[in-house]
Amino acid sequence: MRKKFTDILYSFPFQLLVLHLRGNLLLIGVWLLLALIVTGNFGGGFGLRYLFLSPEYLGEVGFLSFFYVGAGFGGLVISWNLTTYLLDAYRFSFLASLGKPFAKFVLNNLVIPVSFALLFLFCQIRFGLRHELLPLGEVLWQSLGFLTGFATLVFLVSVYFQYTNKDITSFSPKGKKKKAENSQVVRDIRLHRNQWRVDTFLSDGMRPRPVRSVAHYDPAFLAKIFQQNHLNALLVQLFTLVVIVLLGALMDRPVFRIPTASSIFLLSSTVIAVGGAISFWLGSWRITGLVAILVLLNFITRFDFFHHRNKAYGLNYGVPPSPYQLDSLQNYCTQAAVDSDMAATLEILEKWKRKATGPNGEKPKMVFFCVSGGGLKAATWAMEVLQNADSLTNGQFMSHTVLMSGASGGMMGTSYFRELALRKQQGEPIDLYGPEHVADVSKDLLNPVSFTIVTNDVFLPWASFERGGQRYKKDRGYIFEKAFNENTHNRLDKTIAEYAQPEREALIPMLFVTPSIVNDGRRMVISSQPVRYMMVEPAGVEGPGSVRVDAADFRALFASQNADSLRFTTALRMNATYPYVLPNVNLPSEPRIEVLDAGFRDNFGLKSATRFMHVFKDWIRENTSGAVVVVVRSFERQQEIKSNERRGIIETLLNPLEIAFKVMSLQDYEHDNSLGFLYDLLGPDMLEIVRLTYHPSEELKDSPISFYITNRERADIRRAIESEEVRPSLERLRELLE
């Protein structure tokens, strides 16, 4: 029994594992991070595990997409073995006496890669069965694709090593050895320093073999055998880096957008290679060297040449920037300017009233559609709600809707439905309630965005494109819009100005896109109409300085930068700029401002609806039978109140930070206050609130907010629209609009 334990303890695979855990924690960290992603314990809220467990290639998840993921994993395994061989092979001098020493090293160094592969396959099979609702045969076919891709890559690299790596039979112990004699490796081998005890190793066929002594070999000769693999390691790792950069350069062509998981594996292989090189060359100074590199990187990226800033496509950045200060903002919303914009909107409201007034002249209900963010789940839910609401009311819902507002994914689905409604009115043969439109807005966006991050944005973006006579860099913001336009058949590939006339004619509702300004927390109101009345509460216009400007009218602020030429999908992207997933958009102002997700200030669009009703309260009371606020949420309000008892000291220290991350809950309280204000403003008989909330099934309550949704989530959303929680609200909406 004791002998068996000793055999395991001093076996080569076990000793390598101990060595990695002791001295290669930075490299082990890469594997740990990947394992946490695959299991959903890291980046679960972003849906990062979807990239690995449901990878898309050319719009499909199948054998080929998993083949590419397997090939990327193979690249990671090769890089892992090359790097650890470079760092640690000399500690096991017996390797030099074996035929094909690198191959033997790899065979004994597979504990971590094999463990990860088994974990990956377990998660992939479970995910395919539970979340994608696939039959077992198809899931196993995908697993075979992963294994085939891995085997193919390893085979190709093995063929290369077969003709380039040498073993003890290929070297002559004679010749010049002066350089090797003076190396640290030679001195370590000669003095038996840093040598690890190994009694057995796995040979060909996975058979254990005893280790034989190499004391009779010249240490310089042994060192020469180890060092001959260094060039191969460098060439393979450089080739991997070149492949990643080339894929990023070809991002416009879908055939080159390999699954992001494959790119992540390849990038991880590069990280391991760079980490290994730093450890190899700097030795015990590696941590200091790494810190110095990070400090240097932070310094040089302060300069514009090394720091890419995303821009709003369509704007002219070649003219002097617009001033962005409190005084300049106040100048935009003078009484005369606000009166002018209100008059333009009142003309729209008059045309809307003529269209929405009933056959007997009864005053119409004015509908405000407020939709939450929440990635593609919110986009899909918004589309389902709009199709059902408009169908159930025989088209009266869109006819009665004056304003649509909201955040991120919800506005993506809302904007697409509005575009479809416009095209139908213009004579295109569109089935407004067809399921294909739900499929369009629920198509994957996470893979192309993540692919571009890995292959392009982690480096310095260099490729550019032209839009409206201006040139912009290609990055994940660019590919997000490109993929979204591809998914929606380029129907939204317009400028915001192209919606101005249909809105003025009340053919479609007005739509406010309201990203948040990072610099000061104000909102940027993007509309095809002049809306300077949205910049400040009415009291701030009547009594300048009484309240401060809390928003900026995009078209007014950037009139000199061709604001009307802003690409509409760029406006939607600015509204959906979740940190890290999409880049903050820099606007041509002085000082330069950045904008991000509307959800930072208003994830439901209720601020916009409240301000609009406040401004036009008199007209609403006189010309309508009341306002109907339709609140569409892709997630439930938090109900559970958690206890603060039994907290450790670290949890107690972090407790104040929890409030900063409960933005949605805080907004719920603010919006309740706003709705209460509207009841007082319009009167209880003039305001109706209809809530349409997606209630996920119990198994999907913790599903992430992501630019990817699973087949199970799609099916659950279809179920939810017919549920007993939602159907009564739709019926109430129908009654209000009859």
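Select helix H22 and helix H26: H22 passes H26 in a right-handed crossing. This is a predicted model. H22 spans residues 476–487, and H26 covers residues 568–575. Their axes lie 10 Å apart, at an angle of about 115°.

Now show side chains at this crossing. From H22, pick Gly477, Phe480, Glu481, Phe484 and Asn485. From H26, pick Thr569, Thr570, Leu572 and Arg573. These residues make the contact. Colour them by class: 3 are nonpolar, 4 polar and 2 charged.

Which residues make the nonpolar patch of about 540 Å²? Select Leu26, Ile287, Leu290, Val291, Leu294 and Val295. Then highlight helix H14, residues 286–300. H14 supplies the largest share of the patch, 5 residues. Leucine 290 is one of the residues in H14.

Last stop: charged pairs. How many salt bridges does a search of the whole structure find? The count is 26. Pick out one of them, between glutamate 503 and arginine 418. Where do the two partners sit? Glutamate 503 is in helix H23, residues 500–504. Arginine 418 is in helix H19, residues 408–425. The partners are 85 residues apart, and the pair links distant parts of the chain.

Technical notes. Residues numbered from 1 in each chain as written. Predicted model: local features only at pLDDT ≥ 70, side-chain atom pairs only at ≥ 80, totals over all residues. Heavy atoms only, no water. Axes fitted to C-alpha atoms, helices over the stretch in contact; angles between N-to-C directions. Helix = DSSP H or I, 4+ residues; strand = E, 2+ residues; numbered from the N terminus. Left-handed = near helix turned anticlockwise from the far one by under 90°. Contact = heavy atoms within 4.5 Å. Nonpolar A, V, L, I, M, F, W, Y, C, P; charged D, E, K, R; others polar. Patch = residues over 30% accessible without salt bridge, like charges linked within 9 Å, V, L, I, M, F, W, Y side chains within 5 Å. Areas by Shrake-Rupley, 256 points an atom, 1.4 Å probe, with all protein chains shown as cover. Salt bridge = Lys/Arg side-chain N within 4 Å of Asp/Glu carboxyl O.
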